[in-house]
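Here's a quick briefing to read with the model open beside you.

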Amino acid sequence: MRLDRFLSETTELTRSLAKRALKNGEVTLNGEPVKQAALHVDTEQDQVHLNGERLALVGLRYVMLHKPTEVECTARRGLYPRAIDLVDLPHADRLQPVGRLDVDTTGLLLLTDDGQWLHRITSPKHRCAKVYLAELAEPLEGAHAERAIAQFEEGILLEDDDTPTAPATLELLAPTRARLTITEGRYHQVKRMFGALGNRVVSLHRHSIGPIALPDTLAPGEWRELTPEEIARF
Ligand code: URA
């Protein structure tokens, strides 16, 4: 890897600031001061220091966050804080959400900079189950409830979509409290599915993604890195 790229990957410096640091004599390679941005760095063997501090590439990161409301899953800064702003890791801005949640949705958000792992979970081909808990505006009872369960199981053609939703499992925990398991990640999917029944989601919480459930120990706004065993479950 080129030295300027190594510097920008291991620090907050942009490539041009990395070049400036090199010109200013702030960088050593295996103990020798170096100034050439194009020098090759063997990332396993070579020792690079910036102002005396040893630099090392960070490995791939896998994080679970208990997303609170009023937090956005976007990369751009907007009205609300971003999910990545809550994760106190170097280069957190390189983490991507594994399936976004709406600003008013709470619950399990996975974040990673491992594109292949992200794809394994989000690709429709893999049909990874996501479990949501929804509070509904209108009670679902009796024949209405049975019809809703059957419609979700059969699939619903949502407005602006070309194909019906994949079979989803609706369980009613109370007349206005539902657990819904879906295997897709369409835009506002849960809200649109209940909307298609003439109902409305008042609050939404993601309980789990595939084999990973949000632990009770993680309060809203808290995060932790996944264990190697959790990462390997996907
Ligand atoms: N479905 C929604 O409607 N919103 C979410 O945040 C997640 C799934």
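This is a predicted model: local features need pLDDT of at least 70, side-chain atom pairs count only at pLDDT 80 or more; totals for chains, interfaces and linings use all residues.

Residues are numbered from 1 along each chain as its sequence is written, and side-chain values use heavy atoms, with hydrogens and water left out.

**The whole chain**

- The protein chain has six helices and 13 strands; these are DSSP runs numbered from the N terminus, with helices being H or I of at least four residues and strands E of at least two.
- Along its principal axes, the C-alpha trace spans about 80 × 35 × 30 Å.
- The radius of gyration of the protein chain is 23 Å, whereas a compact globule of 234 residues would come out near 17 Å. That radius is taken over C-alpha atoms, and the globule rule is 2.2 Å times the number of residues to the power 0.38.
- Buried residues make up 41% of the 234 residues. Here buried means under 20% relative accessible area, exposed means over 50%, and partly exposed is in between (1.4 Å probe, protein chains only).
- Of the contacts with a separation of 6 or more, 62% come from residues 24 or more positions apart; a contact means heavy atoms within 4.5 Å.

**Salt bridges**

- The count comes to 16 salt bridges, a salt bridge being a side-chain nitrogen of Lys or Arg within 4 Å of a carboxyl oxygen of Asp or Glu.
- Arg 233 and Glu 229 pair up at 3.0 Å, N to O. Arg 233 is partly exposed at 38% relative accessible area, and Glu 229 is partly exposed too, at 48%.
- Salt bridges with shared partners also tie Arg 2, Asp 4, Arg 15 and Lys 19 into one network.
- Within that group, Arg 2 bridges to Asp 4, with the closest N and O atoms 3.0 Å apart. Arg 2 is partly exposed at 37%, whereas Asp 4 is buried at 0%.
- Arg 77 bridges to Asp 85, and there the closest N and O atoms are 3.8 Å apart. Arg 77 is exposed at 66%, while Asp 85 is partly exposed at 37%.

**Histidines to look up**

- His 66 sits in strand E5, residues 62-67, and is buried at 10%.
- Setting aside neighbours within four places in sequence, the contacts of His 66 include Gly 107, His 205, Leu 214 and Glu 222.
- His 91 lies in the loop between E5 and strand E6 (96-97). His 91 is buried at 7% and has a positive phi of about 55° although it's not a glycine.
- His 188 is in the loop between strand E10 (177-182) and helix H5 (189-196). His 188 is partly exposed at 29%, and its phi is positive as well, near 50°, in a residue other than glycine.

**The loop between H4 and E9**

- Ala 166 is in the loop between helix H4 (142-154) and strand E9 (169-174), and is buried at 14%.
- Ala 166 and Glu 154 are 12 residues apart in sequence and 7.6 Å apart in space, C-alpha to C-alpha.
- Beyond neighbours within four places in sequence, Ala 166 is in contact with Arg 127, Phe 152, Thr 183, Glu 184 and Arg 186.
- Leu 158 is found in the loop between H4 and E9 and is buried at 3%.
- With neighbours within four places left aside, Leu 158 is in contact with Thr 165, Arg 192, Met 193 and Ala 196.
- Leu 158 and Arg 224 are 66 residues apart in sequence and 35 Å apart in space, C-alpha to C-alpha.
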